[in-house]
Amino acid sequence: MTAMVSMHDWLTAAGRDRHVAGLVRRTDDRRHPRKSTLDLASNDYLSLSTDPRLRAAAVQAVEKYGAGAGASRVVTGTTPCHTELERELADLTGQPAALGFSSGYTANIGVITALGSPDTLLITDAHIHASLIDGARLSRSPVAICPHNDLDALAHLLRDRAQERAIVAVESIYSVLGDATDLQRTAALCAEYDAFLVVDEAHGIGVAGNGRGAVHAAGLAGAPHVAVTATLSKALGAQGGAVLGSPLLREHLVNTARTFIFDTGLAPAAAASAAEACRIIAAEPSRVEDLHRAAVAIADAAGVSRAPGAVQSIPADSPEQAIAAADQLYERDIVVGCFRPPSVPDGVSRLRLVARAGIDLHHAEDAARWAAQWSRAASTV
């Protein structure tokens, strides 16, 4: 007979194992920094989350439609704010249609599960986000994991598949390493082998292609075999998610995506503020230019190769060293991301410094130099 273990004992042992491995995560007041704090950890790439125009749009939506949507979008949860958001997202990215979700996580799960089936091969890049991985697990599709950014391996998987349909899931810009997918070649392979490409633009919209995203920059906006997923909580400074693509895809998702049908609609305030962010990005390209200037400055100061996105990654000698370096930086009023297994796809702990529009470049350069030094050797500063 199998020995029984109480949930309390199992949770205690799991917590002890995390502590020994240096993998304990926290939710603390670092998310509410002091005014003097340099924030190089958040994904507010264009510093729009506190923009007065987004705040005003959110307040106006709350006053008119209330704090929440009140129901699923397919019941009574769709407001003019949602319609406006989807129109602005489509305009910004050059896509024919958009569908808003309550988060980028639910958007990814929704599109993958709505398109997947036992006779559809789902090919996922080895570095995709957890939301796409979870979508793959729920999709009922056979899954093949492609080595990161390996186009030869992708071609082999597409050419030799036994299934009649195929979906390829990648990110335009990856969140941990900050590297990018060759979207033109990837989309060309998908077209050659009659596969559908899903591109997660969580870290691309507002960053690549003058803010319109990497898919737009690659000339793939509106391509019938390409869909885009997005989050509204990074460069757009709000909250929520979306899937963008053909009207046919949108209609399919409205009727089949469980994370859309059975979820309360995105709060009107979030939808309204994200729509305003879309308009600002289109009208103020200097914000995107500021972001990339900061990214270059941080990478150069840290002595790492400049990644094409906002995220600049600094490897650490160990999880413990990454934590120690992040703590030392925090003592200097600098907040950085500290990524350790299993959050890193290659198993290498690292500090993640996020470039943002409007930050003090000299302060950011100092932070990057300290981060590079402290993540690789013990320090007694």
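Visitor: Is Asp290 buried, partly exposed or exposed?

Guide: Asp290 is partly exposed, its relative accessible area being 30%. Keep in mind that this is a predicted model.

Visitor: And which residue forms a salt bridge with Asp290?

Guide: That would be Arg293, with the closest N and O atoms 2.2 Å apart. Arg293 is partly exposed too, at a relative accessible area of 46%.

Visitor: How far apart are Arg293 and Asp290 in helix H12?

Guide: They're 3 residues apart in that helix, so about one helical turn separates them.

Visitor: What does H12 pack on?

Guide: Let me start with the sheet. It's an open one made of 4 strands, in the order S1-S10-S11-S9, with mixed pairing. S1 and S9 (311-315) are the edge strands, each pairing on one side only. Helix H12, residues 286-302, packs on that sheet and touches S1, S9 and S11. The direction of H12 makes about 10 degrees with that of S9.

Visitor: How much are neighbouring strands of this sheet turned against each other?

Guide: On average by 30 degrees, direction ignored.

Visitor: Which pairs are parallel or antiparallel there?

Guide: S1 (residues 38-40) and S10 (residues 334-339) run parallel, joined by 3 bridges. S10 and S11 (residues 350-354) pair in the antiparallel sense, also over 3 bridges.

Visitor: Give me some bridge partners. Which residue in S10 goes with Asp39?

Guide: Val335 is the partner of Asp39. Moving on to S11, Leu351 is the bridge partner of Cys338, and Arg352 is that of Gly337.

Visitor: Which helix lies across S10 and S11?

Guide: Helix H13, residues 319-331, running at about 170 degrees to S10.

Visitor: What about Thr37, where is its place?

Guide: Thr37 is in the loop between helix H1 (7-21) and S1. Thr37 is buried, with a relative accessible area of 13%. Leaving aside residues up to four places away in sequence, Thr37 touches Asp333 and Val335.

Visitor: Which residue does Arg279 meet in a salt bridge?

Guide: Glu276, side chain to side chain, 2.8 Å from N to O. Both sit in helix H11 (residues 268-283), 3 residues apart, so about one helical turn lies between them. Arg279 is partly exposed at 29% relative accessible area, whereas Glu276 is buried at 17%.

Visitor: Which residues are linked in a network of salt bridges?

Guide: Asp51, Arg53, Glu284 and Arg287 are.

Visitor: Changing topic: which residues are buried in helix H6?

Guide: In H6, residues 151-159, the buried ones include Leu151, Ala153, Leu154, Ala155 and Leu158.

Visitor: What's going on at the start of H6?

Guide: A side-chain oxygen of Asp150 reaches to within 3.2 Å of the backbone nitrogen of Asp152 there.

Visitor: Last one. Is Gly70 buried or exposed?

Guide: Gly70 is exposed, with a relative accessible area of 70%. Its place is in the loop between H2 and H3.

Visitor: How far is Gly70 from Thr264, in sequence and in space?

Guide: Gly70 and Thr264 are 194 residues apart in sequence, and 6.7 Å apart in space, C-alpha to C-alpha.

Technical notes:
Residues are numbered from 1 along each chain as its sequence is written. This is a predicted model: local features need pLDDT of at least 70, side-chain atom pairs count only at pLDDT 80 or more; totals for chains, interfaces and linings use all residues. Side-chain values use heavy atoms; hydrogens and water are left out. Two strands pair if DSSP finds at least two bridges between them. Helices (H or I, at least four residues) and strands (E, at least two) are DSSP runs, numbered from the N terminus. Axes are lines fitted to C-alpha atoms, for helices over the stretch in contact, and angles run from 0 to 180 degrees between N-to-C directions. Contact means heavy atoms within 4.5 Å. A salt bridge is a side-chain nitrogen of Lys or Arg within 4 Å of a carboxyl oxygen of Asp or Glu. Buried means under 20% relative accessible area, exposed over 50%, partly exposed in between (1.4 Å probe, protein chains only). A polar contact is a pair of N or O atoms within 3.5 Å; within protein, one must be able to donate a hydrogen and the other to accept it, and residues adjacent in sequence count only if both atoms are side-chain atoms.
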